[in-house]
Amino acid sequence: MTREEELADALEGVRERIALACDKAGRDPSEITLVAVTKTRPASDVRLLAGLGVTDIGENRDQEAGPKAAECRDLPLTWHFVGRLQTNKVKSVLRYASVVHSVDRPRLVSALSAEAADRAEPVRCLVQVSLDPPDADGRGGARIEDVPALADAIAAAPGLELGGVMAVAPLGEDPAPAFARLADVAARIRTAHPSARIVSAGMSGDLDEAIACGATHVRIGTALLGGRRAIVG
Ligand SMILES: *Cc1c(COP(=O)(O)O)cnc(C)c1O
């Protein structure tokens, strides 16, 4: 099998899983955006995925994503930054990413806004919500009680647009109740900001539960691209 055939097969499998999950949840698959998380995979994979109709690419490390996005500049892709973002990387990330899923603190809102304020197109920002128990050694994100204020700050910041919320399911816990907590806070945000409809949740292992809980964006790595390569550098 060529790499293209491998990716085509995997893509079909993921699309089938999305369709099944939507069916069970009484939702339409057109409501779901598939973000292919290509971290640790080469630009050639991104190019093949684009050829297969994938439009949205996710990356979590600027050091790796910058050169990859530059190599794929000719492709009609939307780049999503989904990893922990340091303020000193904001300028570099905004060279390619138009959606940032991991906004988790006020200082990052200021840094993104300072960089984005002069742009024609606003940068779409999602508040990353921590679904971990308080004080757990968590996977990043703002505490639920801090989410509304952070959402308000994004909505008010020049150059930024509040897209909605994002989360990663906690380790070692059933993802369904965690995603239900995310759905709750997402609904609260939409009361104040009706256009902030994105719920970015669901990875290879839990996309079904995420779709059942209202995810609009699923971030899929291994189920599409296979096992990740060791991270170098
Ligand atoms: C790597 C990653 C994914 C994809 O995870 P898989 O389990 O490989 O599908 C999704 N979201 C974030 C934030 C990631 O870092």
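I began with Tyr96, which counts as buried because its relative accessibility is 14% (buried means under 20% relative accessible area, with a 1.4 Å probe and protein chains only). I noted that this is a predicted model, in which local features need pLDDT of at least 70, side-chain atom pairs count only at pLDDT 80 or more, and totals for chains, interfaces and linings use all residues. Residues are numbered from 1 along each chain as its sequence is written, and side-chain values use heavy atoms, with hydrogens and water left out.

I then searched the whole structure for aromatic pairs and found one. Trp79 and Tyr96 form it, edge-to-face, at 6.4 Å centre to centre and 85 degrees between the planes (ring centres must lie within 6.5 Å, the six-membered ring being used for Trp, and planes over 60 degrees apart count as edge-to-face). The pair links distant parts of the chain, 17 residues apart, since Trp79 sits in strand β3 (residues 78-81) and Tyr96 in the loop between α4 (90-93) and β4 (97-103); helices (H or I, at least four residues) and strands (E, at least two) are DSSP runs, numbered from the N terminus. I also looked up Trp79, which counts as buried at 5% relative accessibility.

Next I turned to the helices. The axes of α1 (residues 3-25) and α2 (residues 43-51) come within 10 Å and cross at roughly 60 degrees, the axes being lines fitted to C-alpha atoms over the stretch in contact, with angles from 0 to 180 degrees between N-to-C directions. I recorded that Arg3, Glu4 and Leu7 of α1 and Asp45, Leu48 and Leu49 of α2 make the contact (heavy atoms within 4.5 Å).

Terms used. Rings of Phe, Tyr and Trp (its six-membered ring) pair if their centres lie within 6.5 Å; planes under 30 degrees apart count as stacked, over 60 as edge-to-face and the rest as tilted. Buried means under 20% relative accessible area, exposed over 50%, partly exposed in between (1.4 Å probe, protein chains only).
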